[in-house]
Amino acid sequence: MNQNNKSVLMNPRKICNAFNFLVAGCLLSLGSPHVHPAQANNTVSESLLYQPHTLYSGWRKDIDTLTHFTGMFCPDYIGRLSRSAIVPDLKELGTGCVYETENGDIKVIFRRHKKDTSATLINNFKSGYTKSKFTLLKMDTPTNEVAFQTETISRVGRIESFSAYTAPAADYTVWTSISSALPMSELDTIRVLFKKLTVRIERQQSSR
């Protein structure tokens, strides 16, 4: 597969439809008032919001991580990604965190969901993006991951992928958006990083 992907120009209506779908699914809720800043490199704001033993929307600040009362936790850094926000539990969508690189060329939303919901989540994602006429990419990836060629409102090319998988205690999803100028191998790297994080969360959950 070509590592550099050219952006496919989409009309504003299609872009808007896709954006609305993401917001509805809380995958791109960065601008929502329900998303709380949780920057890894902002020690001043974190010291105010996350005292070591004070819960804030179900989260507490531990050493190098934020921990949710459900057992979910989000490290300050994963690879070259830093945590930029937390996504609270909204109905049955689960809770999670937003990660991104400093220049914004990679953004990730990692979430923990109720057990046996991963199939529905990935089907909803695929259906929404297909209806928005984005191009489904044929990739050598696991069956539980799909990816589309998209673009931002300013018509900057992006590749967006969504993976959903089941673990012993819960289901997990990873939504990833990378610049189309980056090699597709970045998706493989992110997949491995968050699979390792999932294993850590599950191990800690089983020991509680």
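A nonpolar core, as I use the term, is a set of buried Ala, Val, Leu, Ile, Met, Phe, Trp, Tyr and Cys residues joined through side-chain atoms within 4.5 Å, where buried means under 20% relative accessible area with a 1.4 Å probe, protein chains only. This is a predicted model, in which local features need pLDDT of at least 70 and side-chain atom pairs count only at pLDDT 80 or more, while totals for chains, interfaces and linings use all residues. Residues are numbered from 1 along each chain as its sequence is written, and side-chain values use heavy atoms, with hydrogens and water left out.

The chain holds four helices and twelve strands, these being DSSP runs numbered from the N terminus (H or I of at least four residues for helices, E of at least two for strands). Of its 208 residues, 49% count as buried.

If we set aside neighbours within four places in sequence, valine 108 is in contact (heavy atoms within 4.5 Å) with residues including Leu81, Tyr99, Trp175 and Phe194.

Finally, an open sheet of three strands runs in the order 2-3-4 with antiparallel pairing, where pairing requires at least two DSSP bridges between two strands. Strand 2 and strand 3 (residues 65–68) pair over four bridges, and arginine 60 has threonine 67 in strand 3 as its bridge partner.

Methods
Buried < 20%, exposed > 50% of the residue type's maximum accessible area, 1.4 Å probe, protein only.
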